[in-house]
Amino acid sequence: MENKYKLFIPGPVDVPDDVLELMSTPCRPHYGDEWLALYNDTIAALQQVFGTKNDIFIIPGAGSAALEAAIGSLLAPGEKALILVNGFFSERFGVIARACGIETTTVAVRWGEPVLPAQVEEALDADPEIKAVAVVHHETSTGVLNPLEEITAVVHAHGLPIVVDAVSSIGGVPLPVDEWQIECCATVANKCLETPPGIGMVSVSDRAWEMITARADRHRGWYLNLNVWHAYSQEWDWHPYPTTVPTNLITALNYSLHKILAEGLDARYARFAEVARAVRQGLRELGFSTLVSEPYASPLVTAVQGQSGIPADEVARFLRESHGLLVGGGIGPLSGKIFRVGHMGKAMTDEYVNCFLAAVRDLISRRSSQA
Ligand SMILES: *Cc1c(COP(=O)(O)O)cnc(C)c1O
């Protein structure tokens, strides 16, 4: 079934055709020398993209699976986490933590604003019971890029570990896991890594392992318990994970990661920045304004406000119905107030950018001819 839409939503993204082709190669077993060579090479490529020597696990499931594995393995029920909340996905991170029995306290700022290091400092000073901090790097619901390096420094100055939701940032903006000493960092295939949905990934530092393995209740839970993944990676070298893994998807991810590394991470970050700049400039010329102010606007998603006589939802409907382009809507308090344009996957190509701006131009010219 042909998808008639071009995806400008902030994930899943339109996957390049050469990556897609690998999804339709014959299924292979998830063990055996040939498979393991590809699997181990995929982990090594992920380590390069994450900038880490830490263990990385590929967990079949959504990004949320990797997030739940990270926070739920690090902290025991009853322990307290500080959650930095400035949008839908950071609220969700708190929901996931509480569902694991973790107590939470929050720093909450208005959606569209970043969480600032001073706010984290104040919250940590005020509550010595906090055992870890959870933060979303790129809040995809608003397009805000939180100042992760500075936040991490504050968290570490308090002697605490940080768990990062980098689901929509890894591969799109710099996030050097070892340089910043991020304890747990989770991402997903279907955003900046340009692969179809179905696998999450999480990196785990030595310091995180000390906490995870020291838990008295470390045998609690199985599939999302990182102790289980660790045990299989150590004990089952023929099959270093507890379950079947989606071999086609990992094959596609492997290929996509090598494409990304061949382009070069810095070149790729620069290309995202350039695409976001071009789209934003085009939108401003057409009378639109963006939600997030520099320097916190991520180059991966642009949240755009409606303008007089053209509500955000109507822009989204026009793009879908008249041009076959899908953009994201606003969520929660931003519902109806913004539309969101993703710059990931094929949306970062000149073809897509031109198509998008031409469609918005068409909307404006139809409007002015009606007026
Ligand atoms: C997309 C996204 C998620 C959720 O990922 P799922 O794969 O739907 O579980 C979580 N956090 C952020 C920042 C995201 O962009």
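The following legends describe close-up views of a predicted model. Local features are reported only at pLDDT of at least 70 and side-chain atom pairs only at pLDDT 80 or more, whereas totals for chains, interfaces and linings use all residues. Residues are numbered from 1 along each chain as its sequence is written, and side-chain values use heavy atoms, with hydrogens and water left out.

View 1. An oxygen atom of the ligand lies 2.7 Å from a backbone N or O atom of Gly-63. The side chain of Thr-140 places an N or O atom 2.4 Å from an oxygen atom of the ligand. A polar side-chain atom of Asp-165 is 2.7 Å from a nitrogen atom of the ligand. Taken alone, the ligand exposes 390 Å², of which the protein buries 84%; accessible areas come from the Shrake-Rupley method with a 1.4 Å probe.

**View 2. The crossing of helices α12 and α13.** The axes of α12 (residues 312-323) and α13 (residues 350-370) come within 10 Å and cross at roughly 110°. Axes are lines fitted to C-alpha atoms over the stretch in contact, with angles running from 0 to 180 degrees between N-to-C directions. Helices are DSSP runs (H or I, at least four residues), as are strands (E, at least two), numbered from the N terminus. The two helices α12 and α13 are therefore roughly perpendicular, a term covering angles of 65 to 115 degrees. Residues in contact (heavy atoms within 4.5 Å) include Phe-318 and Leu-319 of α12 and Val-360 and Leu-363 of α13.

View 3. The peptide bond from Gly-11 to Pro-12 is cis, with omega near 0°. Pro-12 belongs to the loop between β1 (6-8) and α1 (17-21).

Definitions and conventions
A polar contact is a pair of N or O atoms within 3.5 Å; within protein, one must be able to donate a hydrogen and the other to accept it, and residues adjacent in sequence count only if both atoms are side-chain atoms. Angles under 35 degrees count as roughly parallel, over 145 as roughly antiparallel, 65 to 115 as roughly perpendicular and the rest as oblique.
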